[in-house]
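The following questions ask on what grounds each structural term is applied.

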Protein chains: 2
Amino acid sequence: MNIVRDFSPLFTPKSIAFVGASRNREKWGFIILNNIVCGQFKGSIYPVNPKEKEILGLKVYPSVSQIPEPVDLAVVAVPPSVVPEVIAECVAKGIKAGIIITAGFAELGSEGEKLQEKVVRLARQGGMRLVGPNCFGVLSLAVNMHVIMPSLHPHQGSLAIISQSGNVAASILGRGNRWGFGFSRCISSGNEADLHCEDFLEFLGEDPETRVIMAYIEGFRDGRRFFNLAKRITQRKPIVMIKAGATQAGAKAAKSHTAALSGSDSACDAMCKQAGIIRANNIDEMFNISAALLHQPLPKGRRVGIVTVAGGWGVLASDACVAAGLDVVHLADETIRELDEFLPSWWNRGNPVDLVAGFWTGGLRKSINILLRSPQVDGVIVLGAGFSAMLGKTSPSETESHTSSETTDSMVADDIATLRALPELISRYGKPVILATDKIMMPAEWEDGLSQVLRDTGIMCYSLPDEAAEVFARLASYSEYLNGD
Amino acid sequence: MNIVRDFSPLFTPKSIAFVGASRNREKWGFIILNNIVCGQFKGSIYPVNPKEKEILGLKVYPSVSQIPEPVDLAVVAVPPSVVPEVIAECVAKGIKAGIIITAGFAELGSEGEKLQEKVVRLARQGGMRLVGPNCFGVLSLAVNMHVIMPSLHPHQGSLAIISQSGNVAASILGRGNRWGFGFSRCISSGNEADLHCEDFLEFLGEDPETRVIMAYIEGFRDGRRFFNLAKRITQRKPIVMIKAGATQAGAKAAKSHTAALSGSDSACDAMCKQAGIIRANNIDEMFNISAALLHQPLPKGRRVGIVTVAGGWGVLASDACVAAGLDVVHLADETIRELDEFLPSWWNRGNPVDLVAGFWTGGLRKSINILLRSPQVDGVIVLGAGFSAMLGKTSPSETESHTSSETTDSMVADDIATLRALPELISRYGKPVILATDKIMMPAEWEDGLSQVLRDTGIMCYSLPDEAAEVFARLASYSEYLNGD
């Protein structure tokens, strides 16, 4: 079976029937349809509703059977009791894939479970595959397909999401939007009545659009299969996973959320280690690690060089690196000598390299370069890059007389040039450069400015040194896994 | 000795001499002076510079001795070699407090240490107390005193900062600005040549303007004194501390940063436990805990009720609560019955309380109320409050036709009303209500909207369930400490 071809009606449909289309702006039948339309889906959209003629400028069909053209994918947003007949009609129409948004199935108990089983039986008999029910939808950016509840409209990129929670998926998509990272696919798998997280994992493993897979899992349907797939996939494509329901309280909550059985947490941990899955502790960590995996080479070891524009941050980063299992390496005499050539005479001559005044005169780029070149260093953490670019902007609290001068301008230009030079430096030395600059302390408009500069480089900038250290350590662990260490 | 009166020239000066005032907008001699002026200091400002006549509209004096009026506080931003003579002049003028911004003293080694000792000797002989050198400055908002490098201009409030890193202080101030929390005092203590962190701790302990003390410490000057002071202060005012230099690498970095000796980390941990100091792991955590301490009562135990508008978030919160040592309590039948009265029939009947559709119809406020009233619950974590307020705003990706309707408006009004009702609920039941709503996934302008609503209530809203759980657990631990558990 070629899973990519098999899944093409779901991920690269030429046409979508939207069953349960609505004119009521409060209903998902409107909101999701609106997202599909605004997302500029590259194909035909056929809203279905027996009572409407036109919604959002689209002709509405009274039933699926009356759509005059072939349909690849059905999106279903009708009340639960009506779902079986809709699916039967889709099957009759020859539709091969369906996304059931509707909630009110197995997550409510045995009644709902029976209804859900009926729906799956009907679909499978007709060779139709289903996502959901009780899900947020599916994004497939290659065809501008935004079948999703929240109006987030991420741009196309190489991150993929499999999520057993729509809201967690939304949180990840929102982070992508905020920091400038795009997505290939996003699947909110809901109750997984037919297609399971394992199926999506297999698809994404083969999917050429996807370079990093993120998974939020409350319970596996087939843990053995997940493990075997992951073990194969992580050899060429990283998987970053949150396994929720790790505690008894969490498992209970998961049961009522998506009817998932969480299983033993220590077994899951062991599985992750053996299969090379990177297990994240929360949503921020999952996004942070995944973003780095997109654009950073894996470090060959745990020896980290730190460059900082602020002393306290260097201390915090050193602590955080050691706590994360990294080695804040002793710099070689040769490296110190090279740094000596341009840093002020009173610089600290150690790791972290505290730039003091050197920051203002191109010192940041030179220091990063020297550390990357050093054979003692497997990768560099840079604290405060992009900060002068922010200082250069007019702060709301400044007097009118305090506008940017030539020196400030050149300082800003230098800082921006340093950021823009990073992709080349990273690729030249094949070592990661992990950035942390306190974005939260900046006014929102400054943060946006920094994001804009970084967006072009494709590099993620974290907020705290702790995050940078954690990401570096996770890359190092994955590297060790791949090398069989 | 009355430490509050003793420190009045530093924290409530009637006049400031600014020695090293500059017209050069790149120099701290301009930037800090500008911050003092823009901050609308409630007193006289006397810039000192032999070569200038006027800066920022202020008359400039050639020397301290030529200032015609008495001066309480001197801010010193001249090169290190000139500092001793400036201090001698200040002493001659009868100035009782000084903030030395200038770097280049003990942090550079034995030469600088000698210079620093000389400065301290001169000051002490003249009864003048010093902050710094090598510091970011001091804020004292009661008199609008913004003697500080970055132009952050926080507003007046009840949080205080003692920091051995200016940048860490700036990060905390920035968080206050971002989330709407004000400050009483902020002291960047630098090299602590004369006044030590212990002195500031003693002052803040007595300071009526200060309700929560945050401390970023790389090394104590007198650990025993710090401990004794803290033990007394934490009985009536919480202290939240980051102790950096916890690892060998961090300690080494601290040594070159502020010449601090970090000491043993396990000893520090033991000290914190005995003195009731809340030890934070990073900057976000320190701010998160401190903000909660301002407006939340301490929970009487670890039994937490969770209300969520999103299933996945409930699962993550449950896991996070257990990991933080909290008890996701089994709700009493009575509580379930009360919730049954208005939640949809298919709600999960457990903790977390997943509001499903109830979210849209006042269910959030009712649920919080019922959980707070329940004797099984020591406090409530609320996930997703304020979210509908965001949904009600026009998303950039919506079509023009999709504007807010009456239902949306009432939903938004209800969500805002729920947030506004929280202070009263919290005080009625004497139990904490900790909020987490994913601010990062929101576009920046939505985040600002939420912040605006919360600003009026004085309540902090965290971003991830993990943060809410961690904060709840820290409040519970402090409560246990105070109760002698």
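Q: What is the bridge partner of Leu139(A) in S9(A)?
A: In S9(A), Leu139(A) has His146(A) as its bridge partner. The model is a predicted one, in which local features need pLDDT of at least 70 and side-chain atom pairs count only at pLDDT 80 or more, while totals for chains, interfaces and linings use all residues. Residues are numbered from 1 along each chain as its sequence is written, and chains are lettered from A and ligands numbered from 1 in the order in which they are written.

Q: What makes strand S8 (residues 137-140) of chain A and S9(A) a pair?
A: Two strands pair if DSSP finds at least two bridges between them. Four bridges join S8(A) to S9(A), and the two strands run antiparallel; therefore they count as paired.

Q: Why are strand S9 (145-148) and strand S14 (278-279) of chain A called edge strands?
A: The open sheet of chain A has seven strands in the order S9-S8-S11-S10-S12-S13-S14, with mixed pairing. S9(A) and S14(A) each pair on one side only. Strands here are DSSP runs of E with at least two residues, and helices are runs of H or I with at least four, numbered from the N terminus.

Q: Which helices of chain A lie on strands of the sheet, and at what angles?
A: Helix H3 (residues 28-38) of chain A packs on the sheet, touching S8 and S9 of chain A, and its direction makes about 170° with that of S9(A). Helix H11 (residues 283-295) of chain A lies across strands S10 (156-163), S12 (212-217), S13 (239-243) and S14 of chain A, at about 165° to S12(A). Such angles run from 0 to 180 degrees between N-to-C directions, with axes fitted to C-alpha atoms, for helices over the stretch in contact.

Q: Why is one side of strand S9 (145-148) and of strand S14 (278-279) of chain B left without a neighbour in the sheet?
A: Chain B has an open sheet of seven strands, ordered S9-S8-S11-S10-S12-S13-S14, with mixed pairing. S9(B) and S14(B) stand at the edges with a single partner strand each, so one side of each has no neighbour in the sheet. Two bridges join strand S13 (residues 239-243) of chain B to S14(B), and these strands run parallel. In S14(B), Ile278(B) is the bridge partner of Val240(B).

Q: What makes H6(B) oblique to H11(B)?
A: Their axes come within 10 Å and cross at roughly 50°. Angles under 35 degrees count as roughly parallel, over 145 as roughly antiparallel, 65 to 115 as roughly perpendicular and the rest as oblique. H6(B) is therefore oblique to H11(B).

Q: Which residues make the contact between H6(B) and H11(B)?
A: H6(B) contributes Val168(B), Ser171(B), Ile172(B), Arg175(B) and Trp179(B), and H11(B) contributes Ile283(B), Met286(B), Phe287(B) and Ala291(B). Residues are in contact if their C-beta atoms, placed from the backbone, lie within 7 Å. By class, this contact has seven nonpolar, one polar and one charged residues. Nonpolar covers Ala, Val, Leu, Ile, Met, Phe, Trp, Tyr, Cys and Pro, charged covers Asp, Glu, Lys and Arg, and polar covers the others, Gly among them.

Q: How many residues of chain B are in contact with chain A, and which helix gives the largest share?
A: In chain B, 68 residues are in contact with 69 residues of chain A. The largest share of the chain B side, 11 residues, comes from H12(B). That side divides into 27 nonpolar, 28 polar and 13 charged residues.

Note on methods: Two residues are in contact if their C-beta atoms, placed from the backbone, lie within 7 Å.
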